[in-house]
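Trainee: Hi! Could you walk me through this one, starting with its pockets?
Mentor: Happy to, take a look.

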Amino acid sequence: MLSSTNNTLEFNPVMQSPLHPFGLAAKQEKINDSKGAWVNEIPLLGYISLRGNSQNETFVNAVKSALNVALPTKPCSMIYTTWGSILWLSPDEWLIICKRDQRASLQQSLETGLTGIHSQVVDNSGGYTTVQLKGKNASDVLHHCTVYDLNMLQAGKVVGTTFGKLSLYLHQQDDGYSLVFRRSFADYIWRYLERSALPYGFGIAQLNDGQ
C-alpha cells in the first residue's frame, strides 16, 4: 500500500490472504441446515517446509526434540499437535502448519536442533493457504472436484491429489475436510468449489475462535 506524507511516497506493506478479495469475513454465517456445503479459508497460517532423511535416526530424533512430537514417517500420514499439524508429503519432506505467530519460534527450534545434520527448513508461509469444507454434502462437493476415492481417506491420512486441473493436499479434519494448496491456486480452487456446491447450497462458515 502506498501513502503520501509531505509529498513523499511511503510503501506500507499489508499482509493479506490469497482469498482476501472475496470478502469472506463479511459473509460468514454460523453453520446450519440451510446449505449442504460450508466453506471458509483459514487465513494467514504458518507453513514450514522440512526436508531430511526419514531413515536417519539422528535426523528424526533431532526433529522430535525440536518440536516435542514424533515426526510422522508412515506414507500419507499426519499428526495433530498442540500448536498445529505435520503432514507427510514424501519420504524426505513434511509440511508443518501452525499459527502464524508460532512460525518463527518453531523454525528457529528446528534450525538449531538440526545444526550439522543434512536437512532443510524453509518458511513457505507466503506460498500456501488452507480451506475447510464442512456440511452434509461436503463429500458430494469433493466428488465433483477430485478423482480420489474419499472412502479411502481415513482420519490421520493426508493425500496429494488432483483438484480440477490443479493439485492439493487433502485430509479429514473434525467433521469435514481441509484443503491445503499453493497461494497461486486460490482463485481457481475457490471458484471451482463454489460451482461444484451449487446443487447443494454454498455458505461461508463462521470461523471458530483461534482459527
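**Pockets, strands and domains**

Mentor: The largest pocket has 21 lining residues, and those nearest its centre are I42, L45, W83, G84 and Q173. A pocket here is an open set of points on a 1 Å grid over the protein atoms alone where a 1.4 Å probe fits, with protein on both sides within 12 Å along at least five of seven lines, and lining residues have an atom within 4 Å of a point. This is a predicted model, where local features need pLDDT of at least 70, side-chain atom pairs count only at pLDDT 80 or more, and totals for chains, interfaces and linings use all residues. Residues are numbered from 1 along each chain as its sequence is written, and side-chain values use heavy atoms, with hydrogens and water left out.

Trainee: Why does the largest pocket lie between domain 1 and domain 2?
Mentor: Because both domain 1 (30-44 + 127-204) and domain 2 (46-123) give residues to its lining. The domain bounds come from an automatic or database domain assignment.

Trainee: How far apart are the C-alpha centres of the two domains?
Mentor: They lie 25 Å apart. Domain 1 and domain 2 each put 12 residues into the contact, meaning heavy atoms within 4.5 Å.

Trainee: Back to strand 7. Is it mostly covered or uncovered?
Mentor: Mostly covered, as six of the seven residues in strand 7 are buried, that is, under 20% relative accessible area with a 1.4 Å probe and protein chains only.

Trainee: What does strand 7 pair with, and in which sense?
Mentor: Strand 8 is one partner, antiparallel over six bridges; two strands pair if DSSP finds at least two bridges between them. A hairpin of two residues links strand 7 to strand 8, and S90 is opposite E93 in strand 8.

Trainee: How much space is in the second largest pocket?
Mentor: About 220 Å³. It is lined by 14 residues, with S17, L24, A25, E41 and P43 closest to its centre.

Key
Points joined across faces, edges and corners; volume = space filled by probe spheres on them. Buried < 20%, exposed > 50% of the residue type's maximum accessible area, 1.4 Å probe, protein only. Helix = DSSP H or I, 4+ residues; strand = E, 2+ residues; numbered from the N terminus.
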